[in-house]
Amino acid sequence: MLDLLLPQRCVVCGLRGTQLCGPCLSHLPRIEAPLCERCGTPTAWPVRRCRECSGRRLAFASARAAVHYDDAVRAFVAGWKEGALRRLGAAAAAVVIEVVQPPTAEVVTFVPPDPDRGLKRGHHPPRQLAEQLAEYWELPVAAPLRRRRAAKRQRGLSRTERRRNVAGIFTAKGPVPRSIALVDDVYTSGATANAAASALRKAGARRVEIVTFARVVR
Ligand SMILES: [Zn+2]
Ligand SMILES: [Zn+2]
């Protein structure tokens, strides 16, 4: 409904008549191989673990994202999250389907909303993305994850602080299937995805694959 009331302008370039114009959609910077096999960061050549993730205890088996989190993607995600522009969710799912290989999972789930944010609008981009991807992948959607408490904002925190800030923040109602695809909108340091994957593992999952629309690449 809200879509109808908002002026139709491309969230990236401002062009009138559309929420995202064709050229901006086609120029969203797709992430291309070679990648770190584990965390999915682009690398100079294929590696099993990269400098970013080696030596870290990761609860997920792999992480993959469709696009680099650049200025255009930042504007896109802001419009998608804040503006409740549902059509942008469909565009995000289409780009993920184009770039990311389907997971080998029994079920698709998503990082749950922070009770202090998101729910107010009744619009949760990760759930929307998970539902659209699940339909394409022909997998069921489950929602076993809950937040135990609200996290402080991750912005401005170092990587170690981010990990501490979200450690133990999620809990999963088990038992959950052995293999799960976990969907989120943006992979920043991986701390949130890792904390959520860890909760799924504690509830019985053996293999968690992270799929996000965007990824911060350092
Ligand atoms: Zn545009
Ligand atoms: Zn890596």
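This is a predicted model: local features need pLDDT of at least 70, side-chain atom pairs count only at pLDDT 80 or more; totals for chains, interfaces and linings use all residues.

Student: What makes the contact between R74 and D71 a salt bridge?

Tutor: The cut-off asks for a side-chain nitrogen of Lys or Arg within 4 Å of a carboxyl oxygen of Asp or Glu, and the side chains of R74 and D71 meet at 3.8 Å, N to O, so the contact qualifies as a salt bridge.

Student: Why is D71 called exposed?

Tutor: Exposed means over 50% relative accessible area, and D71 has 60%, so the label applies. R74, with 43%, is partly exposed.

Student: Which parts does the salt bridge between D185 and K81 tie together?

Tutor: The side chains of D185 and K81 meet at 3.1 Å, N to O. Because D185 lies in strand β5 (residues 179-187) and K81 in helix α3, the pair ties together parts that are 104 residues apart in sequence.

Student: How do you know whether D185 is buried or exposed?

Tutor: Buried means under 20% relative accessible area, and the value for D185 is 6%, so D185 counts as buried. K81, at 29%, is partly exposed.

Student: What is E52 linked with in a network of salt bridges?

Tutor: E52 is linked with R215 and R218. At 15% relative accessibility E52 counts as buried, whereas R218, at 56%, counts as exposed.

Methods
Residues are numbered from 1 along each chain as its sequence is written. Chains are lettered from A and ligands numbered from 1 in the order in which they are written. Side-chain values use heavy atoms; hydrogens and water are left out. Buried means under 20% relative accessible area, exposed over 50%, partly exposed in between (1.4 Å probe, protein chains only). Helices (H or I, at least four residues) and strands (E, at least two) are DSSP runs, numbered from the N terminus.
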